[in-house]
Structures are given as C-alpha cells and as structure tokens.
Amino acid sequence: MAQQTMSFQAEVKQLLQLMIHSLYSNKEIFLRELISNASDAADKLRFEAIEKSELFESDPDLRIRVSFDKDARTVTIDDNGIGMSRDEAISHLGTIARSGTKEFFGKLSGDQQKDAALIGQFGVGFYSGFIVADRITVESRRAGLPAAEGVRWVSAGEGDFSVEQIERAQRGTTITLHLREGEDELLSAYRIKSIIRKYSDHVALPILMKHEEWDAEKGEMVEKDEDETVNQASALWTRSKSEIDDEQYKQFYQHLAHDHQDPLAWTHNRVEGRSEYTQLLYVPSHAPFDMWNRDRQGGLKLYVKRVFIMDDAEQLLPQYLRFIKGVVDSSDLPLNVSREILQESRDVKAIREGVTKRVLSMLEDLANAETDEGKAKYATFWNEFGQVLKEGLGEDFGNRERIAKLLRFATTHTDSPEQNVSLADYVARMKPEQTKIYYVSADTWQAAKNSPHLEVFRKKGIEVLLLTDRVDEWALSYFTEFDGKPLASVARGDLDLNAFNDEEKKAHEEIGETLKPLVEKMKEALKDKAKDVRLTFRLTDSPSCLVSDEGDMSGNLQRMLKAAGQ
Ligand code: ADP
Ligand code: MG
C-alpha cells in the first residue's frame, strides 16, 4: 500500500497545541510517557501470549531500549512488545479514544498553569513527544503479523500524519524523535539516564542503554558495545517496603495516576492466608475532573503474579472508594481471568473486603493524626472526597460504623461552613439529658444555619449538624444512629425537647389549653393545605414554620426530587 496522508482528529490538534505550550517547562516527561507506553505494550504482549505463546516469536526477553544519535539529532525508544498494525497506528496515534475526552476539553480554561495540571490528570501520552520533537517517526509491527506488514507513521505534530506499509523483521515499536532546535541537551547519555531514573525507575522491564566508558586518550565518554540496565527493573510493589523510599512511592503514584501532585497517603502490604495478594493503595490529594462521571476509569490495576491483567478492575473496590489509586497483584487468580470471572470469584470478594478494610484503616490513621500537617491532610481529604465516602453509608453496611467515624460536619457549634466536626466530637458535647443527634438539612450552609427550626436548639444550647451536601439526605436514610444515639431531623415530628425542663412543660400544657380554640380554627382554615396545625414552643423569633411528619419526606428531599423532575 502506498503512503497515505491523513488528518488528526480535531481534539488531537487542540491537545497538541496546548501541550507543546503549557508543558514546555516540564518537557522531560515525554520520556516517561513513551517508556510507559512501551511498558504497556510489553504487558499486552504477555497477556495475549498466555493463550498464544507463539506471539513471542524468537524474542521472548521483553525490554525497552533507549538510544540517541548526535549527528542525526534523534532520540529513539524501542520496544519488543505487542506492536501496532497499520490500522492500529492510524487509530491509536491519530485519535483520542478515552472516555471523558469531551468533558476534558470542556474543562480547559485557557489558563496555562491550570490547563497543564488538567493535562497531567488526563494523561499526556504519546503526543508529549512533540514537546521536544518537530517530527516523530514510528515504525512498528504487531506480534503475529508477517514481516511484510510493518507500518511507518510520520508526523510533524501539526495537522496531519502519513502512514505506509514497510518490511520489518523486528516485532514491536521503534519511536524516533527528531529534536527541535535547541533541544540538544537531550543528546547525552548522562541526561537521558537521569531522566529515566527519575521517572521510570519502577518500570518492571529493563530499560537498556549502551554502556559508556571514559576514554582517557580521547578525553571523552565513549560508547561500548555492551548494554547497561538503567532502571531497577522490578515492579515497585514486589519490593520490600524497607527498600523503597518516599520519593519512589510518589513517583510510582504519579505514573499510575497521571497526576503531577503528590498523594496524601499510601499503604503497601502483602496479605497472606486464605487469599494471597499484594496491595499498594494511594489516596490522591485532589479529586479528578471526572469524579462524578459514571463511566470514568477506576483507579485499581489488577496484576496476577506480576502479569498485568486489567485497568479499572471495578470489582476490587466498592464504588464509594472509587477515588483510590493503586495496584493489586494476586497470587491466586488465573491468568486468563476476565471481567465476568471477576464478578463471580470468591478470591475477588476476599480481595475486595481486604482492600476496603485497608483503605478504611489508612483513612482512620489520617483522621487520627495529631500533628498540624496530619490534620491538614485529613481536611484536604474530606473536602475532596468526603461526599463520595458518604455514599458508603448506603453501600457498605458491614463497615458503616467505621465510615461514620470518618465523617465530618459543619455544625451550629463551630459556626463555619468548614466540615470538621466528627460525630464523636458531637457526642462528647451532648447535653446530659440529650438522647438524640440533631441535624438540619438545606441547600446551602447559610440556609441551614438560618433555619427557623434551630431557634429552640440555640436557646437550649444544643448543637445541631448542618447538612448541605447533595448526598446527605440519601445517606442518612441508611444511617439512623451513631453510638446508640438516633439521628433526628430538627424539622420532623414532635421533638421531645420538653424533657429538658419539667416546669416549662407544665406551663406549656396550660398555654396549650388556652389556645386550643385558636388552633382548631386554623386547622379548619388550612384543612386543604396542611395535614395538621400544632402549637409549638420551638420557635423564639419566627411566628410559625412548616414541619414534615415522622416518616414523611423531608422538605429538602421533596425539593430535590422536584428539581430532578419527579
Ligand atoms: P495511553 O497510553 O494513555 O493509551 P497514549 O497517547 O500514551 O495514551 O498512547 C495511545 C495509544 O497508542 C496506546 O493506548 C497504544 O494503543 C498505542 N501505543 C503507543 N505507544 C505504543 C507502543 N510503544 N507499542 C504499542 N502501542 C503503542
Ligand atoms: Mg500512554
């Protein structure tokens, strides 16, 4: 087939423009991205070869090779992974297939710094090569295809690319970057090695470069004909904790999560016994742009005996922990496990329970931190992910108590919209006669704190939780008591606050008798509009307020359902 020129998808053009400009100050990440693709390609080959071992051809030792050519001014990344067919090169290197792409482009603000952070979350990928290159040549052959069915893809990273069929004996992909003017500093083994060690040390495959030695006669480093492995080349999570420093954990997180920022916390351990697996789990420091998108990619990668099986293994983690990123490497699951098998598997159920417990205890550690730094971290966690965690009250009955202890609220006691009061704090401040945990819900903190229902509570000095998150009402329908104390809405039914004062109660009864005829009259007048009219002593400043009955929908929930068109 002759050479053909094709256009990039519109989003690719837009991404290229943006990336070249906004990521320039961080340009060395291109190497991390291309090495990560090479490593993915090796994972894919291993995975397909489980059922078709002939895909390894005569070249079973998977590796990545990085080299450079000073005269041609090129840097080359070569892998013997799965490779690409012609059609794959066209679609994978010409379009962005990920879900959420549209949403991503909608979020771009034009502010370079903010957009650069977003691009980081999105994953910069193959196109980041164009930050340093004004032309990229990709030559590839997919494992299993004949040598005559290789492909060459060339682009200058502007509007279009060309593809042609080539003869290629070698399976896998060779990517050659023709450097832009001024990027010659990359033409140095020292420089390239230090970038690899910084970003790609944890890559499980050996990353090879030619070994260099000092030549005293020539007075310079000279390339030898032997290979050197530049990285550690063992999957990070398989190493023992004592061999891994914080910096390595953070770099691994950035690779895993496509996030430029450090994680808030992580946990790494090996579980033995009925079900054996290693888990390395991270709490990010900020929510992804698409956290509320139902189709978004989840954050856990599943490996079986170090072989990558799948991204987004949603069976391993309940929905309400979907913000967690990490790796689970099982020793028990079969290598050919599919999503369907995962759904049924008892091993997976055990892993899911174990992962959930581990995440909850990591969050408990964060929540119980004594230092200011630790406290700030939990506040960050709560602001970013608290609303998601609350879904757990309805989703995970078994861990409801543990989740409840992690909750934080705004209350009448702190008088600030900041959600930082735990239920334990609340209970510790309860009045001696108080038996219930009171809350009020509204659309905003302002509305909640000015609710007329609160007047009597203020008068009696009783703290009330101010609930304003969308999930609150739903979550509370599953969560009815804490520490043996029922949760009660201040807007519902008869409040037995009278127990707080017997004499007052007597006085109230007397007034009730006197006003009975008036109440009866009002009942008659409002009989089509209100179920009942009652005398109340709960208000101090307002003349009247609406309440919903015990068992009826609360006013706020009614408004929400109305807004949702029900
Ligand atoms: P991502 O890696 O997040 O999918 P990239 O932009 O990095 O996005 O890569 C796009 C796609 O191009 C990959 O998903 C893969 O299908 C293909 N690809 C890139 N590099 C290679 C490679 N070295 N070998 C095989 N396929 C590759
Ligand atoms: Mg990639």
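User: Is Val427 buried, exposed or partly exposed, going by the other C-beta atoms within 10 Å?

Analyst: The model is a predicted one, and Val427 is placed in helix H13, which covers residues 423-428. A residue counts as buried if 20 or more other C-beta atoms lie within 10 Å of its own and as exposed if 12 or fewer do. Val427 has 15 other C-beta atoms within 10 Å, and therefore Val427 is partly exposed.

User: What is the phi of Asp483, and where does Asp483 lie?

Analyst: Asp483 lies in the loop between strand S18 (481-482) and strand S19 (485-489). Asp483 counts as partly exposed, because there are 13 C-beta neighbours inside 10 Å. Most residues other than glycine have a negative phi. Asp483 is not a glycine, yet its phi is positive, at about 55 degrees.

User: Where is Arg306 placed, and what is its phi near?

Analyst: Arg306 is found in the loop between strand S12 (300-304) and strand S13 (307-310). With 15 other C-beta atoms within 10 Å, Arg306 is partly exposed. Its phi is a positive value in a residue other than glycine, near 75 degrees.

User: How do the axes of helix H2 and helix H6 cross, and is H2 roughly parallel or roughly perpendicular to H6?

Analyst: The axes of helix H2 (residues 29-49) and helix H6 (residues 189-199) come within 9 Å and cross at roughly 65 degrees. Angles of 65 to 115 degrees count as roughly perpendicular. That angle therefore makes H2, relative to H6, roughly perpendicular.

User: Which residues make the contact of H2 with H6?

Analyst: The crossing in which H2 passes H6 is right-handed. By class, the contact has 5 nonpolar, no polar and 1 charged residues. On the H2 side the contact is made by Ile29, Leu31 and Arg32, and on the H6 side by Ile195, Ile196 and Tyr199.

User: How many residues surround ligand 1, and which element gives the largest share of the shell?

Analyst: Ligand 1 is surrounded by 16 residues, of which the closest are Asn37, Ala41, His92, Gly125 and Phe126. By class, the shell around ligand 1 has 6 nonpolar, 7 polar and 3 charged residues. The largest share of this shell, 5 residues, comes from H2.

User: With which residues is Thr267 in contact, leaving aside its neighbours within four places in sequence?

Analyst: Thr267 lies in strand S10, residues 265-271, and is partly exposed, with 18 other C-beta atoms within 10 Å. The C-alpha atoms of Thr267 and Gln279, 12 residues apart along the chain, are separated by 7.7 Å. Leaving aside neighbours within four places in sequence, the residues in contact with Thr267 are Leu281, Arg358 and Met362.

User: Which residues does Glu223 touch, not counting residues up to four places away in sequence?

Analyst: Glu223 is placed in strand S9, residues 220-229, and counts as partly exposed with 14 C-beta neighbours inside 10 Å. Not counting residues up to four places away in sequence, Glu223 touches Lys210 and Glu212.

Notes. Residues numbered from 1 in each chain as written. Chains lettered and ligands numbered in written order. Predicted model: local features only at pLDDT ≥ 70, side-chain atom pairs only at ≥ 80, totals over all residues. Axes fitted to C-alpha atoms, helices over the stretch in contact; angles between N-to-C directions. Helix = DSSP H or I, 4+ residues; strand = E, 2+ residues; numbered from the N terminus. Parallel < 35°, antiparallel > 145°, perpendicular 65-115°, else oblique. Left-handed = near helix turned anticlockwise from the far one by under 90°. Contact = placed C-beta atoms within 7 Å. Nonpolar A, V, L, I, M, F, W, Y, C, P; charged D, E, K, R; others polar. Near = placed C-beta within 6 Å.
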